[in-house]
Each structure stands twice: as structure tokens, then as C-alpha cells.
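Student: I would like a close look at a single part of this model, with the surroundings it sits in. Please take it step by step.

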Amino acid sequence: MIPDSSLLLPAFPATDWQPVVDALVAHREVVLHDALPPPCWQALRDEAAQLQAGAAFSAGRIGRAAQTQREEAVRGDALCWLEPHLPVGGAYLAWMEGLRGVLNRELFLGLTEFEAHYAHYPIGSFYKRHVDRHRDSSARVVSVVCYLNEAWPADAGGELVMYGDGRMQDESDGAAPDVHGASVNAHDPGRRDESEDGALGDECGVRTERGDAGERRRTEVARERERYRLRPEGGRLAIFMSEDMPHEVLPATRERWSIAGWFRTRTA
Ligand code: OGA
Ligand code: MN
């Protein structure tokens with residue numbers, strides 16, 4: 001007998017997105033540590049692995065439209081876009097529609113769509129520091145990364161590194177605001193994963209200079225300051241404004257699965 005695959009599909013949670021949107025307004029970014037239960041993210045990862053086995057993945061590219069190029073010095077991931085017809089990926093897209101609705105209702109962002117791709121980072125691959133909004137387009141407004149990996153050791157690399165930018169400099173603790181379930185603990189560093197050596201922005205003191213140039217330099221340094229690292233643990237979501245939040249994916253000693261997605265407006 002052929003099993004009915006719909007019976008095997010895990011139900012995605014009924015998530016209250018309001019606290020997430022509130023945290024996003026306050027901090028321009030938010031991390032949800034257990035947004036998806038294991039059956040959901042494991043099913044997503046299994047679907048991604050199946051698609052990859054069926055050669056549905058292609059190399060990540062940089063730039064947009066006619067100008068895209070393969071640039072392994074910048075990013076080494078392979079990706080496969082989620083489509084509504086995918087049994088699990090389609091459910092993920094539907095789940096994200098809930099967040100889109102609250103973002104539009106609360107913030108009037110006029111987000112018309114959500115696009116997302118599975119990403120597979122082979123061992124040793126990385127994505128250099130970047131911002132998600134393309135230089136000549138404001139279409140990408142909010143970024144959502146969902147991680148699909150089993151227990152990730154602290155020494156395996158592969159963290160998402162978030163850098164400080166000028167707008168964040170009043171956030172002195174350098175922690176991502178966390179949302180656990182329905183409660184927002186904006187000042188609770190929670191389970192953020194810093195590098196073992198905990199060296200956050202140590203170079204700030206060393207690189208300051210005097211005068212206007214020094215002032216500018218300090219601003220630049222603040223922008224480049226590493227604020228925190230997140231391990232790509234299954235079920236975790238990192239949500240941040242696409243426009244101005246520089247970030248990076250470090251090389252890992254194991255393969256790394258995630259979904260990168262963006263809420264977009266329909267402007268060019
Ligand atoms: C991206 C990205 C982050 C991650 O695909 O643009 O930054 O942790 N991904 O996978
Ligand atoms: Mn990115």
C-alpha cells in the first residue's frame with residue numbers, strides 16, 4: 001500500500017506573530033529560538049535533501065536580474081526556491097503568510113509577497129558579509145532565515161554573524177532580542193551564541209583616531225562591529241530588516257541547511 005504522504009506532513013504551529021513584530025519595530029531584528037518543532041524543521045530538511053538528491057539545487061549567485069554572477073569567493077551555498085506545490089516547503093510559505101499579514105496590518109509595509117529558498121552550504125563554504133537588499137532595488141524589506149540542522153556543536157563554525165550598524169549603536173549589550181513563545185525579552189540575552197572567546201568589537205578602542213576623521217572612523221568601526229553569533233540550530237528563526245543589517249555566514253565543519261526568505265514590496 002502506498003502511504004498517503006499528507007498523513008506524514010507535520011502541522012505547522014499556529015504562531016502569534018504580534019510579539020515578533022513588536023520586537024522588530026523596537027530593535028530591527030529578532031531571534032526566535034524554537035519557532036518550529038523538530039517534526040517541522042526535520043521534514044523541511046528532508047524535503048531539501050530530497051530536492052538536492054534530485055539535482056534541483058543550483059549555485060547561489062550575487063547581484064540581481066541580468067547582472068547575477070557566480071562568485072565563490074563571496075558565497076558557496078547551493079539553493080532551491082520554495083514553491084507552493086512542495087508538500088513541506090509549501091506549508092512553510094503558508095506559515096510565513098501569517099507573519100506577512102501581521103507585518104502589513106501593524107506596520108503598513110505593503111509586503112506583497114514572500115520568496116524563499118532552501119540553502120545548502122557544503123562543508124567549508126560560507127557567505128561573506130553582505131546586506132540582503134540589492135543596491136538598486138528596495139523590493140526586499142524583511143529577511144527571515146530558518147535553520148534546519150540537528151544539534152550544532154559550538155566548535156562546528158557555520159554561525160550567522162550579525163554586525164552592528166549606525167542605527168544600532170544604542171544597543172550596548174549587543175544581543176539579539178529574543179522572543180520565546182509569546183513573551184518578548186528584549187533585554188534578556190537568552191540563548192544567543194557568542195563565539196567562545198566572546199570578543200565583541202574589541203578593536204573599537206584600538207582603531208579610534210582624533211578629530212572628524214576619527215569620528216567618522218568610529219562610526220565605521222561601530223558599523224563593522226560584530227554584535228553576536230547564532231548557531232544554525234534546527235527550529236531557530238532570525239528575522240531582520242533587509243535594508244541595513246550586515247551579516248555573514250561562517251564556514252562550517254559540517255554541511256549546513258537553512259531557508260533564507262524575504263518579504264518584498266512590488267517596487268522595481
Ligand atoms: C542569505 C543569508 C544567512 C544564513 O542567504 O542571504 O544571509 O544564516 N543567509 O543562512
Ligand atoms: Mn543574507
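Tutor: A residue is called buried if 20 or more other C-beta atoms lie within 10 Å of its own, exposed if 12 or fewer, and partly exposed in between.

Start with Ala 49, which belongs to helix α3. Ala 49 has 15 C-beta neighbours inside 10 Å and therefore counts as partly exposed. One partner to find in the structure is Trp 257. Along the chain, 208 residues separate Ala 49 from Trp 257, yet their C-alpha atoms are 8.8 Å apart. This pair can be set beside a figure for the whole protein: of the contacts between residues at least 6 apart in sequence, 81% join residues at least 24 apart.

Now follow the chain out of the helix. Helix α3 covers residues 38-53, and Ala 55 is in the loop between α3 and β2, the strand at 58-59. Ala 55 is not a glycine, but its phi is positive, at about 60°.

Phe 108 is placed in the loop between α4 and β4, where β4 spans 113-121. Phe 108 also has a positive phi without being a glycine, with a value near 50°.

Last comes confidence. The mean pLDDT of the protein is 82, and 74% of the residues score at least 70. Among the elements, helix α4 (residues 87-107) has the highest mean pLDDT, 98, whereas helix α5 (residues 203-206) has the lowest, 29. Over residues 168-172 the pLDDT is below 50, and this stretch has four contacts in the model beyond near neighbours in sequence. Residues 180-210 also stay under 50, and there the model has 50 contacts beyond four places in sequence. Where pLDDT is low, the predicted coordinates should not be read in detail.

Technical notes:
Residues are numbered from 1 along each chain as its sequence is written. Chains are lettered from A and ligands numbered from 1 in the order in which they are written. This is a predicted model: local features need pLDDT of at least 70, side-chain atom pairs count only at pLDDT 80 or more; totals for chains, interfaces and linings use all residues. Two residues are in contact if their C-beta atoms, placed from the backbone, lie within 7 Å. pLDDT is the predictor's confidence in each residue, from 0 to 100. Helices (H or I, at least four residues) and strands (E, at least two) are DSSP runs, numbered from the N terminus.
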